[in-house]
There are 2 protein chains.
Amino acid sequence: MIRPMPHHRKPEFRAILLEAREGLKKVFKTNNDIVILTASGTGAMEAAVGNLLSPETPALAVSAGKFGERWLEICSAFRIPCRAITKNYGEAASAEEIRQTIEQSPDTRALLIQGCETSTGTAHDLEAIGEMIRISFPEVLIVVDAITCVGSQPLETDAWGLDVVIGGSQKAFAIPPGLAFLSLSERAITTIKSNSTPRYYFDLLKEVEAQRGGQTALTPAVSLVIALNEALREILNQGLDRVMDEVELMAQCTREGVLAMGFSLVSSVPAPAVTAFYPPSSISAAAIIQKLQERFGIIVAGGQGDLKGKILRIGHLGYFDLIDVLSVLSALEICLLELGSKIELGSGIGAAMRRIARPPKPAVS
Amino acid sequence: MIRPMPHHRKPEFRAILLEAREGLKKVFKTNNDIVILTASGTGAMEAAVGNLLSPETPALAVSAGKFGERWLEICSAFRIPCRAITKNYGEAASAEEIRQTIEQSPDTRALLIQGCETSTGTAHDLEAIGEMIRISFPEVLIVVDAITCVGSQPLETDAWGLDVVIGGSQKAFAIPPGLAFLSLSERAITTIKSNSTPRYYFDLLKEVEAQRGGQTALTPAVSLVIALNEALREILNQGLDRVMDEVELMAQCTREGVLAMGFSLVSSVPAPAVTAFYPPSSISAAAIIQKLQERFGIIVAGGQGDLKGKILRIGHLGYFDLIDVLSVLSALEICLLELGSKIELGSGIGAAMRRIARPPKPAVS
């Protein structure tokens, strides 16, 4: 990222952009077009909504956390009618629930959903949902915020019929924030072509056309595209499956470790990308987060939205490995003890280590 | 940019964001609020148009090159009525022309203009234009795309009454693209509050509120904000006036050098940021650009928009100094000779060197 910047209209950058697009296609498991935007993931969510939908085409969003709520906020901002399946934080919507809801609202034109709801660490069964939609509602587009799940959780864009899949640079790709990605199916591109809602910076058709030729329609975040390309080389060199197996194992260790320490999981369908958990009733999440930082310099995330101040979250994406998981779990044990818990030291970390010693469970899919 | 990323919701990043905002205010010469967006400069242009204007509030754009045309494209995309003062490429609009046009269209609510039109290297006299608007049309907002002129050309946001001034990371700040900045006057903020056009990613009110507290409303391009802060420290350490004097001297040298070689300037009001020039009639711009790269590895820009293929452009912003100017001028002479020009070697570079040896002319203001 600190090399002299190639100019974004010159052949050197063109080769990098084209290679990064091909790498993204491998990670997204798609032959669809992929565009790279200079924006955070929310920009790509807005781009999907604004290019695909209009005040005349209602959507359905699954809202079970801060990022599900964001679909509703974006639709509301752009006056796109959007129904919601609202779940408690930590719950997932099933394919059957979604089927019933769309059946009652046959004018639904798109399903907006998270592959992993980051605020609760909850996975959606995109395979089952994709199959149901393709069979029962072939005219409904599936738009997936996969910002935290791409590269950490099985995701088959083409095989599962996902029309738009959104990723972001700062999650599994482990580079700084500032880039977002969207894969666009042929159906999605056809829909965009017939939709005349206003757009300029997030004009996906202009970007598709430019990026097929190795350019971007507007000036891209050059240093981040170069870093992305290197990150993709590394992921594909290691093997995507191996990277995801490692994330899954870290998640399983973390879950078994925190459960053995007396925490409880926020999610009834935990995603591999991030584990969210409630502290034992006698100790506050804020006190644990503060002690982890003071005693060990370890920064773990707290809650977002309705869960602010109530939970802890540990991510398993990017530059983290099993040793990091064991470190944070042992630090957690000591913090709990010092905060008055009657925890038996070694109980949580022991459970995690036993998970590592056993052959891994199959990944959630 | 390659340090481990601080989390964007933690105190370390908060301090950096606040310092960068204060630094930007010094460079923009303003006490107005400044927001930092994760986007290219075009995103900030769209943000200004979309937040300030609506289909009920007509604008007036000065269109004299690719970036002036962009105002019209953005307004057209968002169905905002926008009249144009269209000038030939290389010409600037005077305060008097703008005054007459607004007088004929008293419903005009904003003037959209470039401080420097990058495609032609032409400066607008923002001081005179600002004064005229404040006196004659106090209800008209002035929105300036200053992406290439901030840090290279005198710019007094507050003293000249400029309501919105837009900058970008990759020009005078000499860091990679991916960030854009907007200063917003009180009047601009009041206008945004009363305007209900759709926005989400580019919601400037949400950003103003969050960034006053050292946060961004959405995930920012963390590595670029850190780099921006370092770049601002360097510019302010050197002194903004000294940085601008150097750019002005480079521009004067380049102009005198290319004129002495038989080129002609595109602009009748050349800006310090970039010099655009036509080749002598017998030689094509493309041939010169190609030869500069092949013989010397020097990359100079070509034309954009209507000037594509017709001109050369040399930038004087960021990591360039006088020695670079002398290098490119001597390389240009050799290329001209080899392409069949009867140039006397030393004529162009000599003119540039004589400019350096003389006390500098006062800067264009």
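**A strand and its surroundings**

Modeller: Happy to! Strand 8 and strand 9 (residues 179–184) of chain A run antiparallel and are joined by 5 bridges. Helices (H or I, at least four residues) and strands (E, at least two) are DSSP runs, numbered from the N terminus, and two strands pair if DSSP finds at least two bridges between them. This is a predicted model, in which local features need pLDDT of at least 70 and side-chain atom pairs count only at pLDDT 80 or more, while totals for chains, interfaces and linings use all residues. Residues are numbered from 1 along each chain as its sequence is written, and chains are lettered from A and ligands numbered from 1 in the order in which they are written.

Strand 8 has another neighbour too: 3 bridges join it to strand 7 (residues 141–145) of chain A, and these two run parallel.

Stepping back, chain A has 12 helices and 12 strands, and 53% of its 365 residues are buried. Its radius of gyration of 21 Å agrees with the value near 21 Å for a compact globule of 365 residues; that radius is taken over C-alpha atoms, and the globule rule is 2.2 Å times the number of residues to the power 0.38. The C-alpha atoms fill a box of roughly 65 × 55 × 35 Å along the principal axes.

Now for the partner chain. Chain B can be laid on chain A by a turn of 180 degrees and a shift of 0.0 Å along the axis, with an RMSD of 0.0 Å, superposing by least squares on the C-alpha atoms of residues with pLDDT of at least 70 in both. The two copies are thus related as by a two-fold rotation axis. Among the residues of chain B, Ala39(B) comes closest to that axis, its C-alpha lying at 2.7 Å.

Where the chains meet, 33 residues of chain B are in contact with 33 residues of chain A, contact meaning that C-beta atoms, placed from the backbone, lie within 7 Å. Helix 2, helix 3 and helix 8 (222–238) of chain B each supply at least two residues to this side, and helix 2 gives the most, with 4 residues.

Helix 3 of chain B (residues 66–77) also has buried residues, among them Phe67(B), Trp71(B) and Ile74(B). The buried residues of helix 3 pack against several elements of chain B, including helix 2 (41–52) and strand 7 (141–145). After helix 3 comes Arg79(B), with a positive phi near 55 degrees.

Conventions. A residue is buried if 20 or more other C-beta atoms lie within 10 Å of its own, exposed if 12 or fewer, and partly exposed in between; C-beta atoms are placed from the backbone. Two residues are in contact if their C-beta atoms, placed from the backbone, lie within 7 Å.
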